[in-house]
Amino acid sequence: MPNIGDISLPDFPLLLAPMEDVSDPPFRALCKEQGADVVYTEFISSEGLIRDAAKSVMKLDIYEKERPVGIQIFGANLNSMLQSVEIVEKSNPDIIDINFGCPVKKVVCKGAGAGILKDIPMMVKLTQEMVKRTHLPITVKTRLGWDHDSIKIVEVAERLQDVGCQAIAIHGRTRVQMYKGDANWEPIAAVKNNQRMHIPVFGNGDINSPEAAKRMRDDYGLDGAMIGRATIGNPWFFAEVKHFLKSGKHLVPPTLAERVEAARRHLEMAIDWKGEKLGVFETRRHYTNYFKGIPNFKEYRMKMVTSDDAADVFAAFDEVSDKFADYEFASL
């Protein structure tokens with residue numbers, strides 16, 4: 001069974017990936033209830049933390065019910081990253097994760113996220129110094145490399161392990177690929193099969209079905225799966241994967257009533273946490289998947305994603321409950 005430092009995890013754990021404006025406390029709570037073994041915060045700018053920027057500091061909010069929880073930070077300046085470690089520690093997470101994988105231009109152009117894949121010695125040095133700075137386990141999320149010609153992930157992962165990284169999650173694409181094409185899990189398996197590796201190696205990218213998670217476990221031999229986009233508006237994905245891995249059968253999909261209840265709770269928690277305006281706005285991206293498959297749903301979806309008033313969105317949930325009460329969702 002894989003461990004991250006002193007944190008014991010089940011066989012083939014499922015991890016909620018850090019996603020900007022998605023992996024917030026309300027969504028993490030829903031995913032935890034559905035079987036996520038480890039959850040990560042949205043990525044947090046080290047520069048934002050040391051400047052006490054409100055949006056960055058707010059992302060440090062974590063709650064007992066979501067443990068074990070990792071706070072993920074990104075940056076390319078060693079002093080800023082070390083200062084941010086001390087700020088992060090005050091939130092008392094279980095794990096500090098370093099983002100060496102975000103492909104977004106505004107992050108990369110500063111040499112942070114996947115930008116650091118152009119400077120492997122800096123990547124190793126930053127990890128080493130952060131390990132020295134904290135008693136908490138340091139983990140890393142990264143990509144295969146900057147581009148196809150610079151994939152050295154087996155060597156990079158070993159070097160990160162050797163300076164004290166306690167687990168590594170690898171997205172099966174390069175930075176140049178962004179999210180295009182298929183994720184390639186072969187190099188991730190090569191990291192796991194390196195006999196000198198002894199820390200957990202988690203796969204990420206294109207885990208969009210229970211079958212994909214099973215392939216990652218059985219065919220690629222990885223220690224666990226970090227799941228991102230497949231969970232948006234679908235926190236049940238964790239329960240579905242676990243059920244399939246255990247039984248080989250698909251779980252019965254959630255009913256309409258369960259979907260409406262989850263969407264309602266999600267919005268209520270989001271409003272409690274960040275106020276009505278942001279809560280309504282940032283929960284919109286989930287509704288398409290919460291109600292995916294319902295025919296002639298556009299009118300209701302438009303109400304959910306265009307209204308700035310929480311009361312209107314809750315009213316739309318009520319309408320959906322009444323109109324589609326008898327709708328049955330097809331199994332995967």
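**Helix α10 and the chain around it**

In this predicted model, helix α10 spans residues 237–247 and buries F237, F238, A239, E240, V241, F244 and L245 (buried means under 20% relative accessible area, with a 1.4 Å probe and protein chains only; helices are DSSP runs of H or I with at least four residues, strands runs of E with at least two, numbered from the N terminus). Those buried residues pack against β3 (14–16), α1 (25–33), α9 (210–218) and β11 (224–227), a contact being heavy atoms within 4.5 Å.

Zooming out, the protein chain holds 14 helices and 11 strands. Its radius of gyration is 20 Å, which agrees with the value near 20 Å for a compact globule of 332 residues (taken over C-alpha atoms; the rule is 2.2 Å times the number of residues to the power 0.38). Along the principal axes, the C-alpha atoms fill a box of roughly 60 × 45 × 35 Å.

As for the interior, 57% of the 332 residues are buried. Among contacts with a separation of 6 or more, 69% come from residues 24 or more positions apart.

A note on conventions: residues are numbered from 1 along each chain as its sequence is written, and side-chain values use heavy atoms, leaving out hydrogens and water. Local features need pLDDT of at least 70 and side-chain atom pairs count only at pLDDT 80 or more, while totals for chains, interfaces and linings use all residues.

Definitions and conventions: Buried < 20%, exposed > 50% of the residue type's maximum accessible area, 1.4 Å probe, protein only.
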